[in-house]
Amino acid sequence: MSNVAMSSLCLALALTSAPAVSSCASASDPSAATSNDQADWLNVPAPGAAAASTFTRTRYPIVLAHGLSGFRQLFGVVDYFFGIPNGLRSGGAQVFVTQVSAVGSAEERGEQLLQQIEFIAASTGAGKVNLIGHSQGGLDARYVMAVRPDLIASLTTVATPHLGADLADFLADNITPGGFNETVLAAFGNSLGTIIDLLAGTSEPQDALGAVRSLSSDGAAVFNQRFPAGLAATRCGATPTAANGIPLFSWAGSSVLTNFLDISDPVLGITSLFYSEANDGLVGRCSGHFGKVLRDNFSMNHLDEVNQLFGLVSIFETNPVSVFRSHANRLRNLGL
């Protein structure tokens, strides 16, 4: 194998495996009815007692969408959004966590996400949802908003590479169409995605090359031409805070090594070397700007933003669960 092919393969591992270490998400909707297969993949629990607090009780359900190599729940035990659904639910929120292909393009994953949101909006009777996407999940969410804006009450992206990711650019630049390194990357990425989905108890098509294209700068430019809502006219410029009456928000971290006990930090430390601007290990600071930028410099890396690994985040920064809870309260106060 050539050095370029080997580099591409190693970086693909970093790009896909770092989030996969913690990729697992649980849906949690204490008041939704369970029915048929849809309820199964949403992992909707039986109705429970109403939460005493109303701090996070939004008008519309909150839907969380995972990123690349993510899924709802690992072995039915560990959440991708670690502790976040329960943190939101404790304040009265109705929460769902969706699951799409672990590896795929934004359009492919967006279509899968759309089907689930249609079910959530209909089954809860709410008609709309407050959609929050982490990493590539934010691109999937933007796709849903573009094709079905009537289903979206608000859209929030967390560390989403709206302008592409430098690491994906490296991979894309070193892939020879039809060449051996492309074959290796596709085989590795698709196999990894298949394994992740199997461990999550589902089976979806995988498209590693589609994922790389979606996350590259060139792919992002094409996607943004089709779906420009919420983006600035220039890099790091002012971003519109709403689109077609839908409030838009974003936040992100810009630190990498945040907790010496977290074994994922060194991996993100390596991937951060490919970036020319402040980043969280996988997404550049300006690339994460979308809608009303609530903050772009949390002392968090790409996994900290969803409280991973297992809550091992910086003790000197606001806890990620509190960030999500505060945002839910923001949406509540806006009548959403």
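Phe-227 has 10% relative accessibility and therefore counts as buried (under 20% relative accessible area, with a 1.4 Å probe and protein chains only; exposed is over 50%, partly exposed in between). Tyr-143, at 9%, also counts as buried. The model is predicted: local features need pLDDT of at least 70, side-chain atom pairs count only at pLDDT 80 or more, and totals for chains, interfaces and linings use all residues. Residues are numbered from 1 along each chain as its sequence is written, and side-chain values use heavy atoms, leaving out hydrogens and water.

The whole structure holds 7 aromatic pairs (rings of Phe, Tyr and Trp, the last by its six-membered ring, with centres within 6.5 Å; planes under 30 degrees apart are stacked, over 60 edge-to-face, the rest tilted). Two of these pairs are tabulated.

| Pair | Centre distance | Plane angle | Class |
|---|---|---|---|
| Phe-81 and Phe-324 | 6.3 Å | 75 degrees | edge-to-face |
| Tyr-143 and Phe-227 | 5.7 Å | 85 degrees | edge-to-face |

Phe-81, in the loop between β3 (78-79) and α3 (84-89), lies 243 residues from Phe-324 in helix α11 (residues 320-333). Helices (H or I, at least four residues) and strands (E, at least two) are DSSP runs numbered from the N terminus. Both Phe-81 and Phe-324 are buried.

Tyr-143 belongs to helix α5, and Phe-227 to the loop between α9 (217-226) and β7 (242-243), 84 residues apart. Of the 12 residues of α5, 10 are buried, including Gln-136, Leu-139 and Met-145.
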